[in-house]
Amino acid sequence: MDTRPLPLDSTSLDALAADGLRYALVDGADPQALAPWDTASARGFHDRRPDPESVDEHARHVAHRRITGVWDASIPSPEVPVATVASWVGELSVPGGTLDSWAISNVTVASTHHRRGIARALLQGELRTASAADIPMASLTVSEATIYGRFGFGAATRIADLTIEAKRAGWSPTAPADPAGRLVFVSSQQAYESCRDLVDRAGRATPGDFAIDDYHWGRHVGVFADRDKRSATLRIVRYDDAAGVPQGVVVYRLVSDATDFTKHTVEVDYLRSATDEAHAALWRYLLELDLVAAVHYEVASPDEPVLWMLRDQRAARVVTFDHHWLRILDVKAALEARSYGASDALNLGIDDALGIAGGTYRLEAGADGRAEVRATDAAPDLVMNVATLSALYLGSHRAATFASAGHITAATPGAITRLDALLRSTQTPFLSYWY
Ligand SMILES: CC(C)(COP(=O)(O)OP(=O)(O)OC[C@H]1O[C@@H](n2cnc3c(N)ncnc32)[C@H](O)[C@@H]1OP(=O)(O)O)[C@@H](O)C(=O)NCCC(=O)NCCS
């Protein structure tokens with residue numbers, strides 16, 4: 001869906017205007033219009049000022065996004081917005097299917113203008129616009145875990161920051177060995193062209209992943225504007241199966257140790273595989289590189305299979321934290337898009353302070369794993385807010401844990417256990433990158 005022609009939310013428009021601010025859309029395909037917006041976005045994330053080359057590159061690859069800003073005519077550089085946000089609709093993988101999600105990115109408010117409600121106006125505007133356009137879900141990745149819960153977002157997947165001592169870890173004798181395919185070095189351009197299909201297949205098979213757009217994909221493999229000379233340090237290895245079909249790719253850099261040349265660290269920027277065979281082959285390759293002491297990957301699945309391929313599991317240090325935040329906008333559409341682990345029926349009472357998704361819904365899942373959902377006047381078995389339902393939606397977490405933490409109230413005995421059985425996902429939900 002092309003979200004660019006949708007009108008700006010009138011409530012947010014009025015709220016910002018009452019504060020002396022102008023809320024407007026930017027044509028992302030026009031580098032001249034995009035340059036001040038890029039300047040503001042980079043400043044918001046404490047990044048360096050963008051150069052014309054990276055603005056041009058950005059304009060070529062984000063033209064599909066809905067780009068919004070807020071301007072203050074009274075400041076010395078009135079052309080630079082004091083707040084930014086970008087959004088687009090993409091495919092979110094869920095257990096047993098996919099659904100459209102309104103992805104939100106580049107949320108910044110200038111530090112000279114913060115804490116006066118500008119982000120609130122922008123976020124609420126995005127959610128109301130998405131809901132009015134019948135998009136059932138909104139999603140984002142976050143700089144801080146403290147910002148988005150108030151808008152109804154819940155942390156629906158976790159990621160693992162993984163550091164493995166390569167020599168100590170070893171490769172378990174029971175782990176996959178001698179793959180039928182082969183590993184090959186590929187250039188950034190070759191990876192960009194030949195690995196997109198496997199990345200899309202892997203993403204569709206992983207609940208919680210979000211279809212990567214061309215901008216993120218190109219950046220991962222290093223084909224875009226290269227102001228930091230990043231692509232010169234990237235190495236890209238592809239795994240081709242026995243039939244020659246690309247099934248896995250890893251993008252990495254080697255960081256040297258100041259005093260010992262035998263102790264480089266492999267920084268994995270991106271790793272994706274569409275088959276178990278490719279996944280094991282790529283990990284074994286990384287762990288057995290010469291002159292390497294450690295492999296570090298900060299966007300690993302919280303249930304990364306490589307941990308079960310190591311001879312010494314304690315050679316791995318894992319820190320997990322929240323990653324993909326979801327916000328259900330349409331409870332019926334979202335719940336009907338996924339499959340369920342049990343045949344059961346529950347009435348869910350959902351509170352939504354923004355008045356978008358609240359109500360009581362009857363979820364009836366059949367033996368085929370699919371559910372029908374409808375609004376009901378019956379008493380709820382369970383009551384929670386929309387952020388909690390959004391966090392539980394993919395099946396990453398246990399409802400029982402959320403109940404213990406005070407986020408769910410059960411009116412019917414046993415309802416929490418039944419909700420857990422319904423929402424269980426056979427695969428660990430996981431988003432493979434930041435956006
Ligand atoms: C985070 C950011 C967008 C907030 O913008 P803002 O205009 O100051 O936010 P608002 O004034 O609209 O605040 C809305 C609410 O969020 C709270 N809030 C804002 N920033 C917060 C933060 N960093 N941590 C916790 N709460 C925060 C406010 O206290 C306010 O709370 P309330 O609901 O109790 O009133 C802004 O500080 C920023 O640009 N930060 C740097 C870039 C960044 O991290 N962006 C987020 C990317 S995911």
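Helix H4 covers residues 118-132, and at 1.5 Å a residue its 15 residues should span 21 Å, which agrees with the 21 Å between its end C-alpha atoms. The expected span is 1.5 Å times one less than the number of residues; helices are DSSP runs of H or I with at least four residues, strands are runs of E with at least two, and both are numbered from the N terminus.

This is a predicted model, in which local features need pLDDT of at least 70 and side-chain atom pairs count only at pLDDT 80 or more, while totals for chains, interfaces and linings use all residues. Residues are numbered from 1 along each chain as its sequence is written, and side-chain values use heavy atoms, with hydrogens and water left out.

Buried residues of H4 include Ile118, Ala121, Leu122, Leu123 and Leu127, where buried means under 20% relative accessible area (1.4 Å probe, protein chains only). Gln124, Glu126 and Thr129 of H4 are also buried. Just after the helix, Asp134 has a positive phi of about 65 degrees.

The ligand is surrounded by 20 residues, the closest being Val107, Arg115, Arg120, Ser143 and Glu144; a residue counts if one of its heavy atoms lies within 4 Å. A polar side-chain atom of Ser143 is 2.5 Å from an oxygen atom of the ligand. The protein covers 75% of the 900 Å² of accessible area that the ligand has on its own (Shrake-Rupley method, 1.4 Å probe). Strand E4 (97-109) and H4 are the elements that give two or more residues to this shell.

Technical notes:
Buried means under 20% relative accessible area, exposed over 50%, partly exposed in between (1.4 Å probe, protein chains only). A polar contact is a pair of N or O atoms within 3.5 Å; within protein, one must be able to donate a hydrogen and the other to accept it, and residues adjacent in sequence count only if both atoms are side-chain atoms.
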